[in-house]
Amino acid sequence: MKELDLLAVKENLDTVTGFVDSELEQLGCSVKVRTQISIAVEEIFVNIASYAYDPETGPATVRTEIVNDPLSVVISFIDNGMPYDPLARPDPDVTLPLRERSIGGLGIFMVKQTMDDVVYNYKDGQNILTIRKQLE
Amino acid sequence: MDITITKNEKELTVAVAGRLDTLTSPELEAQLKKNLGDNEKLIFDFKDLKFISSAGLRVLLTSMQAMDGKGEMVLRNVSRSVMDIFEVTGFAEDLVFE
């Protein structure tokens, strides 16, 4: 298990994606899966950076863990901000023509579509969003 | 991310290389705002685009809306991994690929 503690600000996005990607690189994970995970990491971290402590800023923890049977990466995002369950919002209607769509909610929808599990917990004053992606 | 903009008559070609994400999308948006003008065709060349997140999709959507009524927007040389993202989000059906 590896952990990264940092300030939840957009400017730290590259640090977070780099941290996760270096873990995946060692596992010989496909480009497609790495791209999907990279998208998920961005959407979740940027959400925390934008809303969790708004208008202030605060800390976040990103934790990665490799589990077996089947080989998967589990990534948790933890913040102490306002309780917020991103999974509670309704999915956007992706069958609507683009011109009639509002773009909100598309990021978390992409996460739900591409990850094998997405779980939200609020515990001891912390938002904990955990994603799991199977690697084989 | 690198952006290369080429203008030919009323056609604007915007080549985007690298990652189009939360950090880089504002730059593309600003460049488009500055250059779109009265062009009748907007071409995105994604030959060297490796990654697009929802922030990048947002720019495509606003560009499409900006071109509404005055011309068309097309995408060229979209890679497999970027196309996967368009498919998951339902963008693939509404975008025009050349």
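1. From H1(A), the residues Leu13(A), Val16(A), Thr17(A), Val20(A), Asp21(A) and Leu24(A) meet Arg34(A), Ile37(A), Ser38(A), Val41(A), Glu42(A), Phe45(A) and Val46(A) of H2(A). By residue type, this contact of H1(A) with H2(A) divides into eight nonpolar, two polar and three charged. Please keep in mind while reading that this is a predicted model.

2. Now for the geometry of that pair. Helix H1 of chain A covers residues 13-26 and helix H2 of chain A covers residues 31-52; their axes come within 10 Å and cross at roughly 145°. The crossing of H1(A) past H2(A) is right-handed.

3. Stepping back to the whole of chain A, you will find three helices and five strands. Going from the N terminus on, the elements are arranged β-α-α-β-β-α-β-β. The C-alpha trace of chain A spans about 40 × 35 × 25 Å along its principal axes. Its radius of gyration is 15 Å, which agrees with the value near 14 Å that a compact globule of 136 residues would have.

4. Taken along the principal axes, the C-alpha atoms of chain B fill a box of roughly 30 × 25 × 20 Å.

5. Strand S1 (residues 2-8) of chain B and strand S2 (residues 11-20) of chain B are paired in the antiparallel sense, over seven bridges. To find your way along this pairing, take Ile3(B), whose bridge partner in S2(B) is Val16(B). The two strands form a hairpin with two residues between them, and Glu9(B) in the turn has a positive phi of about 50°.

6. Which other strands does S2(B) pair with? One is strand S3 (residues 41-45) of chain B, which runs parallel to S2(B) and is joined to it by five bridges. Here Glu11(B) stands opposite Lys41(B) of S3(B). Another is strand S4 (residues 49-52) of chain B, paired with S2(B) in the parallel sense over three bridges. In that pairing, Arg19(B) stands opposite Phe51(B) of S4(B).

7. Chain B has a helix pair to inspect too. How do H1(B) and H2(B) pack, at what angle and how far apart? Helix H1 (residues 25-35) of chain B and helix H2 (residues 54-67) of chain B pack at an angle of about 15°, and their axes are 9 Å apart. Angles under 35 degrees count as roughly parallel, and that makes H1(B) roughly parallel to H2(B). The crossing of these two helices is right-handed.

8. Finally, here are the residues behind that packing. Ser25(B), Leu28(B), Glu29(B) and Leu32(B) are the H1(B) side of the contact, and they meet Ala55(B), Gly56(B), Arg58(B), Val59(B) and Ser63(B) in H2(B). Sorted by type, the residues of the contact of H1(B) with H2(B) divide into four nonpolar, three polar and two charged.

How values were computed: Residues numbered from 1 in each chain as written. Chains lettered and ligands numbered in written order. Predicted model: local features only at pLDDT ≥ 70, side-chain atom pairs only at ≥ 80, totals over all residues. Axes fitted to C-alpha atoms, helices over the stretch in contact; angles between N-to-C directions. Helix = DSSP H or I, 4+ residues; strand = E, 2+ residues; numbered from the N terminus. Parallel < 35°, antiparallel > 145°, perpendicular 65-115°, else oblique. Left-handed = near helix turned anticlockwise from the far one by under 90°. Contact = placed C-beta atoms within 7 Å. Nonpolar A, V, L, I, M, F, W, Y, C, P; charged D, E, K, R; others polar. Pairing = 2+ DSSP bridges. Rg over C-alpha atoms; globule rule 2.2 N^0.38 Å.
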